[in-house]
Amino acid sequence: MPIVLAFSGGLDTSFCVPYLQETHDAPVHTVTVDTGGLTDDDRSAIEARSQHLGADHHHLVDGRTPLYDDHLSYLIKGNVLKGGVYPLCVGPERIVQARAVAEVAQAVGASTVAHGSTGAGNDQVRFDVALQLVGDDPDVIAPIRSRGLTRDESTAYLEERGFSVPADTTDYSINRGLWGTTIGGKETLTATTPLPEDAYPDTTSPAQAPDTPHTLTVTFENGLPAAVDGTSRSGVEIVETLNEIGGAHGVGRDVHVGDTILGIKGRVGFEAPAAQILIAAHRELEKVVLSEQQQVQKHTLGDVYGRLLHEGQYFDPVMRDVEAFLDHSQDVVSGTVTVKLFKGRATVQGVDSPHSLFDAGTATYGEENALWDGRDAEGYTTLAAVPSLLAKKARAGTDSSHSEAPLAESTTG
């Protein structure tokens, strides 16, 4: 009975092919799931690597559309940025990859699936949890983790068997995907040093970006992007297009510090031009068409959704509950957003929507309106002060140093 291996072609998954064959005396099927960032040459090279290592069969699965439909669509609807910064480039990919591996395992009659995760990172949790929940109760093995191997030990194992191990051409670990590229290196091992400009593989340095801004429009329908500059495209095509355009203007670079699934701090660099553009545009559109309380609740639930997705808990039932809320909130999130790209920034210039709550026929901000008059406003200001006035009286004499707030010069806004 074969073993199905999630295969990237890197050192760890390369080690797994001969190791699994020798240790389990079983044929190995490698599965590469393209969740974005792979060129035709990349796909061919990964298949050739699998064959060179002696895998019995190689499967290539295009996972970009499932990634967008099942995951990125909700990250857009929820304006999800972990820590207010990171657009969750990697976590959703692992769910899609695990699902595809499980489907291949079922198709070839395999009861054992394997992955190349180490025992130190987030991916082991994501793969293990997802494979248990989407597979037909498979045995899940992770040889690098179970043996506690270092990269030098994995390299020696392969070289002893006559398999070449390409020398690293960079000091950085790069993970390319549809929603963005993550970068790890010596600078991300601490919280003190920025990544150098040349660590970012695909985007232009903001300092070297064009001196002329690029302005584009993104049209949304029910919360999701449907067109760029008036040309309709699929969700995947829009993300790929905006990655290319935004990357040329240095958009999407940043570094994120957060908590890993295993409880330690982690730091990662990333470049995600499309994510930065789409979330900025979608968020501003929502400000125009949603009520204040909708936005407040969406912000809270978006954070919950992103945290659970990042931690490999996509299959918890609460995620379907949050998705239902997000879906329902998007029925009026349609319109066109104008965005300016310039020297690493994506700035929203304007929003046009048939559902805009900017109703000029009802109210003119700061001047006059048709919904109330000055007497109504005066009564409201009296009521608005009541809670603080009661609190002030209740605390009279208890803390004279803070009995009155200092007066400040009035400002607009």
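# A tour of the predicted model

What you have on screen is a predicted model.

**The whole protein**

Zoom out before going further. The protein has twelve helices and 16 strands. Its C-alpha trace spans about 85 × 55 × 40 Å along the principal axes. Of the 413 residues, 44% are buried. Among contacts with a separation of 6 or more, 73% are between residues 24 or more positions apart.

Next, select strand β1 (residues 3–6) and strand β2 (residues 28–34); four bridges pair them in the parallel sense. Show L5 and look across to β2, where T30 stands opposite.

**Aromatic pairs**

A search of the whole structure finds six aromatic pairs. One of them is Y19 with Y157: the ring centres are 6.3 Å apart and the planes stand at 65 degrees, so the pair is edge-to-face. Because Y19 lies in helix α1 (residues 11–24) and Y157 in helix α7 (residues 151–160), the pair ties together parts that are 138 residues apart in sequence.

Are these two tyrosines buried or exposed? Y19 has 13% relative accessibility and counts as buried. Y157, at 10%, also counts as buried.

Then show R161, which lies over the face of Y157 at 3.5 Å from the ring centre.

Move on to Y74 and Y305. Their ring centres are 6.1 Å apart and their planes are at 45 degrees, so this pair is tilted. It links distant parts of the chain, with Y74 in helix α3 (residues 64–77) and Y305 in helix α10 (residues 292–310), 231 residues apart. Both Y74 and Y305 are buried. Select K77 as well: its charged end sits over the ring of Y74, 4.8 Å from the ring centre.

Select helix α8 (residues 235–248). How far apart are its end C-alpha atoms? They are 20 Å apart, which agrees with the 20 Å that 14 residues should span at 1.5 Å a residue. Colour the buried residues of α8, which include V236, I238, V239 and L242. The buried residues of this helix pack against α3, β8 (214–221), β9 (224–228), α9 (273–289) and β13 (335–342). After the helix comes G250, with a positive phi near 75 degrees.

Strands β8 and β13 run antiparallel and are joined by seven bridges. Select H214 and find its bridge partner in β13, L341.

On to β9: β8 and β9 pair in the antiparallel sense over four bridges. T219 has A227 in β9 as its bridge partner. The two strands β8 and β9 form a hairpin with two residues between them, and N222 in the turn has a positive phi of about 50 degrees.

**The four-stranded sheet**

For the last stop, select β6, β7, β12 and β11. These four strands form an open sheet in the order β6-β7-β12-β11, with antiparallel pairing. At its edges are β6 (173–177) and β11 (253–259); each has a single partner strand, so one side of each is left without a neighbour in the sheet. From one strand to the next the twist averages 25 degrees.

Keep β11 and strand β12 (residues 265–271) in view. They run antiparallel and are joined by seven bridges. Show V257 to finish: R267 in β12 stands opposite.

Terms used:
Residues are numbered from 1 along each chain as its sequence is written. This is a predicted model: local features need pLDDT of at least 70, side-chain atom pairs count only at pLDDT 80 or more; totals for chains, interfaces and linings use all residues. Side-chain values use heavy atoms; hydrogens and water are left out. Rings of Phe, Tyr and Trp (its six-membered ring) pair if their centres lie within 6.5 Å; planes under 30 degrees apart count as stacked, over 60 as edge-to-face and the rest as tilted. Buried means under 20% relative accessible area, exposed over 50%, partly exposed in between (1.4 Å probe, protein chains only). A charge sits over a ring if NZ of Lys or CZ of Arg is within 6 Å of the ring centre and within 35 degrees of the ring normal. The expected span of a helix is 1.5 Å times one less than its number of residues. Contact means heavy atoms within 4.5 Å. Two strands pair if DSSP finds at least two bridges between them. Axes are lines fitted to C-alpha atoms, for helices over the stretch in contact, and angles run from 0 to 180 degrees between N-to-C directions.
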